[in-house]
Amino acid sequence: MPWFAIYTKPKNEKKVVEGLEKIGVEVYCPMITQVKQWSDRKKKVEMPLINSYVFVNIADKNRNIVFNVPGVVRYLFWLGKPAVIQDHEIEVLKDGLKGILNNVEVQGIQPGDILTISKGPFQGKEGIVSQIEKNKIRLVLKELGVLITISKEE
């Protein structure tokens, strides 16, 4: 069965995942943990890696059942047909989120440069530098077409 990308209402990814699992659909929503700062405290929060998208592994003939779940808006389309995500692309996402990148130094890199990640969960993947900050670099991973941020932990 192929994987498809579903666009959800904003901030509804977790609810959509729960609803799809209840009706027996295999679903994947890559999650990351971020530290959020409030005026009185810091808290670790689990957030979707790709906002407003979840991936479903479903037979083409059963695609419409996802619309029974509140929060599902539509499928992502490519050239007039629902976009099919390959199994290996989902595996790259899953494998990439298993590890943590740290001790990264940003030196002599310019936006537009093509970099190969040498360590961590995305090791061996190529990305195009889109933005550079003090201790962060944002890369667009060619293979997945997603933006990742690599930062140096202090």
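**Exercise 1.** Which residue lies over the face of Phe4, and at what distance from the ring centre?

*Solution.* First, some ground rules: this is a predicted model, where local features need pLDDT of at least 70, side-chain atom pairs count only at pLDDT 80 or more, and totals for chains, interfaces and linings use all residues. Residues are numbered from 1 along each chain as its sequence is written, and side-chain values use heavy atoms, with hydrogens and water left out. A charge sits over a ring if NZ of Lys or CZ of Arg is within 6 Å of the ring centre and within 35 degrees of the ring normal. Arg63 is the residue over Phe4, 5.7 Å from the ring centre. The charged end of Arg63 also sits over the ring of Tyr75, at 5.2 Å from its centre.

**Exercise 2.** Work out how the rings of Phe67 and Tyr75 pair, and how accessible each residue is.

*Solution.* Rings of Phe, Tyr and Trp (its six-membered ring) pair if their centres lie within 6.5 Å; planes under 30 degrees apart count as stacked, over 60 as edge-to-face and the rest as tilted. That gives 3 aromatic pairs here. In one of them, Tyr7 and Tyr53 have ring centres 5.4 Å apart and planes at 65°, so they are edge-to-face. Phe67 and Tyr75 have centres 5.8 Å apart and planes at 80°, so this pair is edge-to-face. Next, accessibility: buried means under 20% relative accessible area, exposed over 50%, partly exposed in between (1.4 Å probe, protein chains only). Phe67, at 38%, is partly exposed, whereas Tyr75, at 3%, is buried. Finally, ring pairs link Phe4, Phe67 and Tyr75 into a cluster.
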